[in-house]
Amino acid sequence: MILLLWVWIRVSCEFLQPHLHPHQKGQTFQTFSLSMEAEADPPETENPPKRHKCSACYKQYKKKEHLIEHMKTSYHSSHQPRCGVCQKHCKSFESLREHLIGPLPKGLCSTIFSQQGCQLCLSLFDSAVSLREHLETCRLSSPAPMGTDAMPYISSQIDDQDSSDENGAGGRPRAIAMDCEMVGGGSDGSLEMCARVCLVDEDENLIFHTYVQPIIPVTNYRYDITGLTEEYLRNAMPLKEVREKILQILYNGESVGGVLRGGKARLLVGHDLEHDLDCLKMNYPEHLMRDTAKYRPLMKTNLVSHSLKYLTRTYLGYDIQSGAHDPYEDCISVMRLYKRIRAQTHKEEPYGTLTSNNNNIMSKSPWQSKEVNNLTPDELFAMSKSDYRCWCLDLRPKLAP
C-alpha cells in the first residue's frame, strides 16, 4: 500500500512539473517526500527525567538529595510493618491496614489480600486452606472476667515461685502485665487515684490482685467504669504496701543496679503505663517497659494512641470493656497483644553499610558522609535504622558478656 502511494506521488509530480516555473521544478517531490518522512517518523522526544525511588515505601523524588533526606527522616527498617503482596514498608499497622483494606486501598494488593490475608495480624497466606487454619488460632476468645462481685473485699495473691525463678530460655526476660483501675479524688473528682491493681504472667496466670486504699477521700467512685463502691475499699491494702509487693514481683530478687543493667528483672507490659505508675507513685526503668499505647507500630498514623478496646478488637478479634472494666481482662488482653507483636520475625539489622567501593560507613553521623550521594536506593535503605526498639528483639537471647 505504501509502495503504491509512493508511485502515485511520483507520477503526479512528473505530471505537474511541466506547468511549474523552472526554479520550482524538482522541488515538488522533495516536498512530498519530506512530508511523508515527517508523518512516518515523528521527532524523538527527550528522555523523561530520572526519578529516585525509595526501596522501602516506593516514594519517588526528582533529586537524589531529596531521597537521601527522606531516608534520614523516615527511619525505614526491616522491623516496620510490610505488605505481604508488594513488600511496601509502612510506619504503622494502621497505615498498612489502610493500604490493604482502607477506603482507598491499593488495587492489586487489596484484591490478593481479600482472598489470602488475615485481617487481624495482616499476614498473607498461600492458600485459602492455610488462611482458615491460621484464623483458628489467630482469632482469640475473650478471657473469663474475674468480676468485682466474685472477688472478696480484700484479695492479695502472690506467686512466690514465679517472682523468684529465672528468666526464660536464652536468658531473655519474662514479662508481667499490669492494669489499674482509678477512682476520683478532690473537690471535682478529677484527681486520679489507684483503687484496684492486677498483675498476670505470660501464661495468663493471676500473679497479684488487690484493692488499694486511697490516700485521700474518694469523691467519685466512677462506678459505671470501675464497678467499685465504698465497701470494696473500706479495708483495702495501703498504697505503700501495694507498691512494695509489685516491685518485689517485677525486680525478681534483683538489686536496683542489676535492674538498670537488665539482670533478672521482669518486663512490665501495659497500656499507658506512665499513667498507672504515676497513680501508684512508682518508678520503673523505661527500657523494661512495653507499652501498647506508646509502641510506634500500634499507634495511629498521626502518632496518637489507640484505646486498648480498639487494639483488642482489631488485632485479637474480641471485645472488652463492654461494661465495668475488669483489670484481669485488660491484663490478659494487653499481654496477648504484646506476645502477638513480639512473635513477629524480622531480619537482623546490620551495623554499617557497604558502599559500591566496599568501604564501610561507620561514622557517628553516616548521613553526613559525602559517600552517601554515591549509594544506590537499596544501599540507602540498608543504611537506615529504626527509631524504636522492636519487641521481636525480646525473644532473642542475650549475648554472653
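**Aromatic pairs and nonpolar cores**

Searching the whole structure, which is a predicted model, turns up 6 aromatic pairs. Take Y295 and Y388: their ring centres are 5.6 Å apart and the planes meet at 85°, so this pair counts as edge-to-face, the label for angles over 60 degrees. The two tyrosines come from distant parts of the chain, 93 residues apart. Y295 belongs to the loop between β9 (289–291) and α13 (308–315), while Y388 is in the segment after α15 (377–383). Both Y295 and Y388 are buried. They also belong to one aromatic cluster, made up of Y295, Y338, Y388 and W391.

Two other tyrosines have a charged partner over the ring. K53 lies over the face of Y58, 5.0 Å from the ring centre.

The largest nonpolar core takes in 61 residues, and M178, V197, L199, I246 and L280 have the most contacts inside it. Helix α14 (residues 327–342) is the top contributor to this core, giving 8 residues. Another core, of 12 residues, lies apart from it and includes C57, I68, M71 and L380.

L199 gives a closer look at the packing. Leaving out residues up to four places away in sequence, L199 touches I176, A177 and M178, along with N205, L206, I207 and F208. The list of L199 contacts also includes I246, I249 and C331. Of these, M178 and I246 are, like L199 itself, among the residues with the most contacts inside the largest core.

Terms used. Residues are numbered from 1 along each chain as its sequence is written. This is a predicted model: local features need pLDDT of at least 70, side-chain atom pairs count only at pLDDT 80 or more; totals for chains, interfaces and linings use all residues. Side-chain values use heavy atoms; hydrogens and water are left out. A nonpolar core is a set of buried Ala, Val, Leu, Ile, Met, Phe, Trp, Tyr and Cys residues joined through side-chain atoms within 4.5 Å. Buried means under 20% relative accessible area, exposed over 50%, partly exposed in between (1.4 Å probe, protein chains only). Helices (H or I, at least four residues) and strands (E, at least two) are DSSP runs, numbered from the N terminus. Contact means heavy atoms within 4.5 Å. Rings of Phe, Tyr and Trp (its six-membered ring) pair if their centres lie within 6.5 Å; planes under 30 degrees apart count as stacked, over 60 as edge-to-face and the rest as tilted. A charge sits over a ring if NZ of Lys or CZ of Arg is within 6 Å of the ring centre and within 35 degrees of the ring normal.
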